[in-house]
Amino acid sequence: MATPPMAPPSMEGTPPPMAVQPPGTDMTGICFKDQLWLNSYPLDRNLVFDYFAISPFYDWTCNNEQLRQRSIHPLDPSHLSKMTGTEYSLNEVMEPHLFVFRKQKRDSPEKVTPMLTYYVLDGTIYQAPQLCNVFAARIGRALYYISKAFTTAASKLEKIGYVDSENEAAAFESKVTKETIDFKEVKRVDHILQSLQRKLLPAPPPPPFPEGYVPAPTAEAENGPETQQAGEPQQPQMDPIIDQGPAKRMKF
């Protein structure tokens with residue numbers, strides 16, 4: 001059975017040289033892969049922490065490193081729960097492709113505060129971005145495409161409006177030329193209508209009103225100032241919505 005890799009003799013008891021960025025900062029723009037280590041040792045739940053420890057994402061001041069120096073498995077929860085400070089825990093495992101580590105701060109055996117998340121995907125180690133950064137990136141990308149779509153639509157609408165204005169102007173000019181009044185034609189039509197009117201019999205008188213019929217007062221009689229008295233209240237006008245009844249109102 002393969003044994004976990006050990007640090008070189010000159011590196012025992014001392015942390016490796018500082019990475020380009022200290023662990024705990026935003027390192028989502030980089031990744032780490034050691035093909036020589038992967039060719040020498042299997043990547044499983046027992047050795048994946050040793051592989052993670054040689055990456056620039058590893059914090060050498062964590063509690064897991066103290067357990068490694070005492071020859072205790074660095075992911076042993078029975079020992080980590082009795083310590084306080086920064087530690088790494090293995091949350092999800094899909095051997096041999098995916099391993100998810102969570103960096104957290106332990107204040108007591110029950111109180112743990114998550115800090116960062118790292119994952120090993122097919123031998124490559126990444127730092128997972130924070131949720132707020134993911135939302136900001138997705139929203140920024142969506143706004144970019146929306147703005148681009150509106151710009152494209154506005155440019156096309158301007159071209160369409162310009163063409164429509166030209167077509168409307170040409171149609172109006174042709175309509176004006178077609179609708180030019182010919183007075184000779186008007187006089188000829190009037191002469192024909194007058195001759196037809198003379199040939200037709202006069203219209204018969206309207207039939208008489210039936211007995212007991214009272215004609216409705218005209219608008220002049222209702223609104224005339226001579227027939228209205230100053231003290232009489234006027235009947236309010238009918239409301240076109242209320243006076244139609246609920247059955248006749250428009251439904252939205």
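Biologist: How many residues are there in the hairpin that joins β2 to β3?
Modeller: Three residues connect β2 to β3 in that hairpin. Helices (H or I, at least four residues) and strands (E, at least two) are DSSP runs, numbered from the N terminus.

Biologist: What should I know about the model itself?
Modeller: This is a predicted model, in which local features need pLDDT of at least 70, side-chain atom pairs count only at pLDDT 80 or more, and totals for chains, interfaces and linings use all residues. Residues are numbered from 1 along each chain as its sequence is written, and side-chain values use heavy atoms, with hydrogens and water left out.

Biologist: Back to the hairpins. How many residues join β3 to β4?
Modeller: The hairpin from β3 to β4 passes through five residues.

Biologist: In which sense do β2 and β3 pair, parallel or antiparallel?
Modeller: They pair in the antiparallel sense, over nine bridges. Two strands count as paired if DSSP finds at least two bridges between them. Within this pairing, Y88 has K103 in β3 as its bridge partner.

Biologist: And how many bridges join β3 to β4?
Modeller: Nine bridges link β3 (residues 98-106) with β4 (residues 112-121), and these strands run antiparallel. Here R102 has T117 in β4 as its bridge partner.

Biologist: What is the strand order in the whole sheet?
Modeller: The open sheet has five strands in the order β1-β5-β4-β3-β2, with antiparallel pairing. Its edge strands are β1 (31-32) and β2 (85-94), each of which pairs on one side only.

Biologist: Changing topic, how many aromatic pairs are there?
Modeller: The count is 17 aromatic pairs. Rings of Phe, Tyr and Trp (its six-membered ring) pair if their centres lie within 6.5 Å; planes under 30 degrees apart count as stacked, over 60 as edge-to-face and the rest as tilted.

Biologist: Why is the pair of F49 and Y58 edge-to-face?
Modeller: The ring centres of F49 and Y58 are 5.5 Å apart and their planes lie at 85°, so the pair is edge-to-face.

Biologist: Are those two residues buried or exposed?
Modeller: F49 is buried, with a relative accessible area of 1%, and Y58 is buried at 2%. Buried means under 20% relative accessible area, exposed over 50%, and partly exposed in between (1.4 Å probe, protein chains only).

Biologist: Which residues form the aromatic cluster?
Modeller: The cluster consists of F49, F52, F57, Y58, W60, Y88, F101 and Y118. Two of its members, F57 and Y118, are buried.
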